[in-house]
Each structure stands twice: as C-alpha cells, then as structure tokens.
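Subject: Handing over the three-chain model

Hi,

Here is the structure I said I would pass on. Have a look at it first, and then read my notes below.

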Amino acid sequence: MSGHSSYVPKTGFERWLDARLPIIRLAHDSAVSYPVPRNLNYFWTFGGILMFMLVAQIVTGIILVMHYTPHATMAFNSVEHIMRDVNYGWLLRYLHSNGASMFFLAVYIHIFRGLYYGSYKAPREVLWILGVVILLLMMATAFMGYVLPWGQMSFWGATVITSLFSALPIVGETIVTFLWGGFSVDNPTLNRFFSLHYLLPFMIFGVVILHVWALHHVGQNNPTGVEVKNVAKDTVPFTPYATVKDLFAMVCFIFVFAYFVFYTPNFMGHADNYIPANPAVTPAHIVPEWYFLPFYAILRAVPDKLGGVIAMGAAIVVLAFLPWIDSSKVKSMSYRPIARQLFWAFVVVCIGLGWLGAMPAEGGYVIASQIFTVLYFGYFVALFVVGLFERPKALPNSIADSVLGTLQGGSGARMGTAVAAEPNAKG
Amino acid sequence: MANATDTKPTESTRRDFLMLATGAAGVVGLGAVVVPLVSQLAPDAQTVAAGAPIDLDLAPIAEGQAIKLFWRGKLIFVRHRTKKEIDEARAVNVASLPDPQADQARVKEGHEQFLVVYGNCTHLGCVPLGNNPGDPKGDFDGWFCPCHGSHYDSSGRIRRGPAPLNLPIPPYAFTEGTKIRIG
Amino acid sequence: MSTLSFRSAAFGLLLAALPLTAQAAGERVIPPELSWSFSGPFGKFDRAQLQRGYKVYKEVCANCHSASLLKFRNLSQPGGPEFSAGQVTALAATYQIKDGPNDAGEMFERPGRAADAFPAPFPNEQAARAANGGAYPPDLSVLAKARTYERGFPRFVFDIFTQYQEQGPDYIAALLTGYKDPPPEGVTLLPGQYYNTYMPGHLIAMPNVLNDGQVEFPKGPDGQPQVPETAQQYAKDVTAFLMWAAEPHLEARKRIGLQVMLFLLIFGGLLYYTKKKVWSRMPDGTPVH
C-alpha cells in the first residue's frame, strides 16, 4: 500500500515544508488517500475506536494525576477528594475507570475479529504480534491502575498477582520482594505501580504506532480475506469513506461508554474497593476485573502453583504463534465451514472461562474451569488439524466481485484464487 | 473526491446541509468535552471552602514588629508601624508615586499603626525583606525585594524598582479592639 | 445450519453449568429490593428524606461511626440535603473542632466551620475498638457503595439495562432492621454478639440501634410527623442519606448523562446519514453496492 504518494502540495509553504519534513504528505497518505477495502464491515471500526480509547485514557489519566496522591495513607482519600471536591472530578474518574473496561471490550472485539477473518495470516504476522504485545502492555497497565485507589481489591489484587511470580523456581521470592520494594505490598509498591502506570500507556502508544505502520504497509485484511487486486475497484480512499464510518461507529461506542459512566458507573467495579486497603483482612471473594477473568480461571484451573502461572501466560502467548499454528491458507472463516464452528465454540469457551473466573474456586467450578482450559488450548490444536483437511468454500475473485455479487462460486472463481485451491489440493 | 456524491444540484445541497449539521454537532460535542477538562483546573470545592475568614489578635505585635501569616494559602504581612513610619508614609506627595494611593486608604481609620498587606512582590511574586529586625527595609523604611530590587515604603507602596503596583490589601476588618477578621 | 447447532450445543454446556450459581449464594440472605427516589435514569434524592436521614445519622449512628470524608459544607451543596448555608454554619459551630498548634504550640478547640469534616466519635481506631467490645465501627462515608451482595447470572446482565445498582442501600436498610432477638433456635451468641438476618454469617457486633419513636422528625402543619417515626422509616431515611454521602454528585451525574445521551443520539443520527450519503457512490461515481 505504501510507495506511490498521491499528495500534491498546493501552497508554497506546503512545498517548502514537504521538501524538509514531509509530514503533511505522511498524514495525507495514511489518513486521506490511504486505500481501504470497500467491503469492510463494522468490526473493522474497532481499530479507530481503540485509538480513541487510548487517547481518552491518557487524557483523563493525566488530569487525574493532577489531583491524585500516590501514598498508602492518602491515595484512597485523594481519589474520594477527586470524586467529591474537584470540579467534574467524579466524571473524569468514572470515565477513566469505566474507560479501562470499555478499552478491553473494544480490544477483545478487535481480537476476535482478527481471529475470525484470519487477520493474523501472512503478510500480517508482525502486525498481529505487535497487537499481542499491546494486549500484554494493556493488561499490565490496567492491573497497576487498579491498584492506585488503594482500596481492598487494589491491595489484595496487587498481593495476589505479584505473588504469582513467587511460583518461579529459585528467583521467584527475590522477584516478588523487588516488585514490592519491601516485605509486603506497601507504599513503595504503590509508588512504583503509579510510576509504571503512567509510563506504560506511552509505551502502548509507541507500539500502536508500529502496529499502524505495519497495517499501512501490508494493507487491511477484509471479510473475504482476498487481497486487494485493483485499487480503483477494490478500495475506497480512507477519507471520507473510512473516516465517516469510523466516526459513526465511535459515536455508537461512546454511547455505550457514556451509558455506563453516567448511569451505572460502578457496575464493572467491586464494592470492596470502596473499603480502604487493610492488610489484616482479605475480602471474602477476590476477583479481578472482568477482563482478566478468563485468564484468572485458567490460573486457578491448574492445581500446581507454577503450572497455573505458566498456563495463564501461555494462554496469551499462544496467540502470538497463531500465524503458524493455523495451517489453512484461507483467511476468512466465512469460507471455512469447520473452522468457523471452532471459532464460535472458542468464543463460548472464553465467555465460559470468564464466568468461571468470577466464581469461587471450589467444587464443580474447578472441574469446569479445567475442562474449559483444555478446550481453550484445544482450539489452537484443532485449528492446526482442521486446516489440513478442511475444504473451504469458493472464494470470490476479488473484493469488488464479492461486493457487486458477480461470479459467485463456480470453478472459474476457484481457479482465480490460487490460495483457496491450495488447501483443496492437500485435502 | 469532488465528484464522489454530488450528482444532482438538489442532492448536493442536501448533502451540504447534512455535512454542515454534522460538523456543527461535532464542534458542539468537542466544546462540551473541553468544559470538564478545563474546569477541573479551577480550585476545588474544599480549597474554596477552606478559604473561610480567619480571626487574628494584633495585640501581641509590638511596635516596629511585623508578622507573617497565611490566608487561602497566600502570604500576608501585618506590621505594627512606628510613629515615624506613619509620618513618612503620609508626608509623601501621592501624585508622584508609581501607583498613587494615600496611606489613609491603605489602613483602617483609628488603627493607623497596623498595616495589613499581601506579602508577595507585585513584580514576580518573591517575598520582600523587611519583617525581621536585621532585614534591609529598602530606601523607604518599608520592604526591599531581593529578587529584582523593588523598594516598598512603610505603607507597602511601590516606590522604586520593576514592580508595577503597591502591595495589595487583603479584605479584612477590625471586629473588636485589636482583633481583625481576614476574609 | 451445522454452525447453529454447534453454537447452541456450546451454550447448552454453559447453561448446564448454571445451577452452580445458586449454591454460590450460600449463607447469605438477599435483602429485599426497596424503591429509592434516587434509582433509575431520572433518579433524584428526596431532600426531606436526606434531612431526616442526617438527623438519624447525627443522633444515632454518629455516636459510634465516623464519616470522615463528609464536610459540613456538603450539607448545603446542590444535590444533597440542601440545608441553607446559614443552617450549616450554625450546625458546624455547635461542634468543637480540634485545631492547632497555636502560637504557644498547643492544640486547642474552636467552634466548627462549614469547611470542617464531620468530627469522628473516637480519636483513632484503637479507641473505637476499645469502646465497642473490640469491633471497629466502619467509617460511613462511602459505605453505601462499599456493601453489596452477589447478584448472580442472569440478573447481573439485566442490571445493566434496569440500572439496578442499589445493592448497598438495600443491604444497609435491611440490616438495620434485620435483628432477631432472641436469635433463632440453635444459635448461641457470645457477649457483644447479635443476630442479624442479613449480615453474612448472621453474627454482628452492632446492636439493634433503631427503635420506634427514638428520633423526632419534623412536624407537618397538623402537628403530626410527616412520615411515621418508626425504625423502618429511620432505616430507610438514614440509608438514603448514606447513599448521598457516598455519591454526592449522583444527581449531577444523571442530569448530565441525559444531556450527553441525547446529544450522542442526535450526533450519531447525523453521522449515520452522512455515512450513508458518502457510501452511496464510489469515488468514480459508480454505486458502491
């Protein structure tokens, strides 16, 4: 997609600047003339929504820091000070805390879109891995941010999650002590988490730039998974087509976001976090935020401490290897009858794990968690196996064909798409 | 892009109106977002409320002595002036001052000996010297700001140097005897 | 078709796991859902109720519980009990607040001001415990948001749409009137323990403190109290007060929320038609679809 630039400087200043710092050309090429497949559905608007959420979190976060005090004895009250005394402080704080949830909601939809449409496959492997890196950074950021109000859940969440590292042989205990900066979770822990919570979003921003760069280099995937063949016929310019569509989707998403912020702002939170941190009392039911629940369920499903940590880590890291695990050359699961069912089963497994993560770790829940954990990893195995024999449906010749409804199926279409024919030959 | 959608004139007007309305709504939305982002910068409710009036008894301040105190986080000087200082402050030709103001207007009638002024130089906010016994008081028996060399007289008025204005008078009143209420 | 069947099978698996939720509720007795003036998208606090609730808090709760995040001035701010500024100043002045040190380096007491926090009944946690048989009466500032009970599936999903979020107030109101004296058969109480239906585990260190007629409420024109002076009513009123204390900007939040939602609907509608218009044709003028 890169290469030829359609930017023509109009004024003398633009020509002058273009010869020295072609920044307007960059903006024009990546946000105006950049060709977008014309058949993208609304699931493709989540990239833009995520960009919005990242910026919104950074803006509200920087403002909250102006009023927040990172100290074990003052953090809780300073958050309440924001909620009570700062002008619109309640709004900014609810935007930020609910924003984290909405950020994850968007990122999970974004990821599942990528899984369904095979957006991780060549030539988008690096794009995908950068995405996994962003996910990991987001998790770290969200976790440390949740510690900052220094409520009961903050404190005990920090205790439990940092203690995960003690599972590591030999170095575990030392790592935990270094994370804490003491012999328990205390003020030094809060201070370093605060520091990192401020730093990581900018690291996310950096990786996002790489993510977008990679995207603009290889071009967007699309619901057919067929690459762009004729730019004039298969694509539309980013502006105004994608811009206005992204904007519309963004406003719809903000509608949901605003609903939570204004009408049920504590729905995603835990009541226990309105109790100041107390190292002497653990809440009866420690649960992470909803977006960590599936991974938390996997952690608890494994009876061995180290094993649980490894399983949880593997559940995320395995995503990075997906481009090489999925053995099918067909990207979009719309054309893969078996894999598509696997995908939906995987969605159900993830939701099921999320639900199990919120349940107490006892009796039937543990067994169910173990079954679902096996199913979770089973998806990746199944995807490899299914790709070897699955007979995909006929792919359209081109994006334009799929949109305009010309040449549906038939041998002609299949011959036109070598990628689709290849797995057939295997099978 | 010009020929993207406008095929008929009527359609193009409708499109223009739609674009205009959408753009206007977007601007309104952005404007509304700015309100909380900016107004959070203003003093919060507790800071405003904590600025309640404070009471102070001036009796313990001996003649020639000055004290410092804070109201709303701002520094205030209270000075018990000597007869000489009062006379000096009143002898000067008001019209010749950089910021003309009579000494009578800067103290409360019947309590001429007490001068209550904000304690930050009107130039760039440093604290002028002159409260402690050994401090330089400038050329006019008042205060001298060491940062950029402003001289204030015994009425807290700027006499020489870069500061443009007299030291302002905080809102205060004598309640009974030597007791004052600031705020 | 096969996709569908696979999917429904998977959901079936999920549903089969559901009965487990019921067991998770365990020992707890779910408090009844009361109707609150502040619930729902247009909810507002009932000023008279908050004022009565404050009276109950002041005369009963404040004897043992602190509410350190509350300032007297909060009582007159918009969206709260909205006492007049004069009433608040007078009220604050009835309290002696520890301040200092003064010029002599000593702490002293002075009449309270509007900006002062509600004074705590005990100087510290240890003193509070010592005076209450070892139990620490929790701070009431955000208590209404700090108490909840498990809603369970699928109710927690419906809660998003019904905006039910009054678990805390429902629990507190139920707890305040949930005492059983004598306790049910087979329950032995140690000294300083009381039996409460709604307390998790049923044993609570707080005695029953609300009794009919204990707090005097403002009288109407006929000389009768406007609401009954019963423990039930006290519990409801003080709970409403605690909810306001925990979320003092609730009214502003819901009011601004409505404005924001309406704006987003209009803006979203405009964008939808703009998007349709833009997407009606390709750059070269041919139809997109």
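**Where chain C meets its partners**

In this predicted model, 44 residues of chain C are in contact with 39 residues of chain A (two residues are in contact if their C-beta atoms, placed from the backbone, lie within 7 Å). On the chain C side, α1 (2-16), α2 (19-25), α6 (143-146), α7 (155-162) and α10 (250-278) each bring at least two residues. The biggest giver there is α10(C), with 14 residues. By class, that side of chain C splits into 26 nonpolar, 11 polar and seven charged residues. For the classes, Ala, Val, Leu, Ile, Met, Phe, Trp, Tyr, Cys and Pro count as nonpolar, Asp, Glu, Lys and Arg as charged, and the others, Gly among them, as polar. Helices (H or I, at least four residues) and strands (E, at least two) are DSSP runs, numbered from the N terminus.

Chain C also touches chain B, with 17 residues from chain C and 16 residues from chain B. Here the chain C side has 10 nonpolar, three polar and four charged residues.

A quick word on conventions. Residues are numbered from 1 along each chain as its sequence is written, while chains are lettered from A and ligands numbered from 1 in the order in which they are written. As this is a predicted model, local features need pLDDT of at least 70 and side-chain atom pairs count only at pLDDT 80 or more, whereas totals for chains, interfaces and linings use all residues.

**Domains in chain C**

Chain C is divided into domain 1 (24-70 + 117-248) and domain 2 (250-289); such bounds come from an automatic or database domain assignment. The C-alpha centres of these two domains of chain C are 44 Å apart. Their contact takes seven residues from domain 1 of chain C and four residues from domain 2 of chain C. The domain 1 side of that contact has four nonpolar, one polar and two charged residues.

**Chain B**

Chain B has two domains as well, domain 1 (1-42) and domain 2 (48-182), and their C-alpha centres lie 55 Å apart. Its C-alpha atoms fill a box of roughly 90 × 35 × 30 Å along the principal axes. Buried residues make up 24% of the 183 residues in chain B. A residue is buried if 20 or more other C-beta atoms lie within 10 Å of its own, exposed if 12 or fewer, and partly exposed in between, with C-beta atoms placed from the backbone.

Chain B holds three helices and nine strands, in the sequence pattern α-α-β-β-β-α-β-β-β-β-β-β. Three of the strands form an open sheet in the order β1-β9-β8 (chain B), paired antiparallel (two strands pair if DSSP finds at least two bridges between them). At its edges are β1 (54-57) and β8 (172-176) of chain B, each pairing on one side only. Four bridges join β8(B) to the antiparallel strand β9 (residues 179-182) of chain B, and B:A173 has B:R181 in β9(B) as its bridge partner.

Elsewhere in chain B, six bridges link strand β2 (residues 66-71) to the antiparallel strand β3 (residues 74-80). B:W71 stands opposite B:K74 in β3(B). The hairpin of β2(B) and β3(B) has two residues between the strands, and B:R72 takes a positive phi near 55° there.

**Backbone details to look up**

Which residues sit at cis peptide bonds? One such bond runs from A:A122 to A:P123, with omega near 5°, and A:P123 lies in the loop between α5 (89-116) and α6 (125-147) of chain A. Another joins A:T239 and A:P240, with omega about 10°; A:P240 is found in helix α11 (residues 238-263) of chain A.

Is C:H202 buried or exposed? C:H202 is buried because 20 other C-beta atoms lie within 10 Å. Its phi is near 70°, a positive value in a residue other than glycine, and C:H202 lies in the loop between β3 (194-195) and β4 (203-204) of chain C.

Cheers
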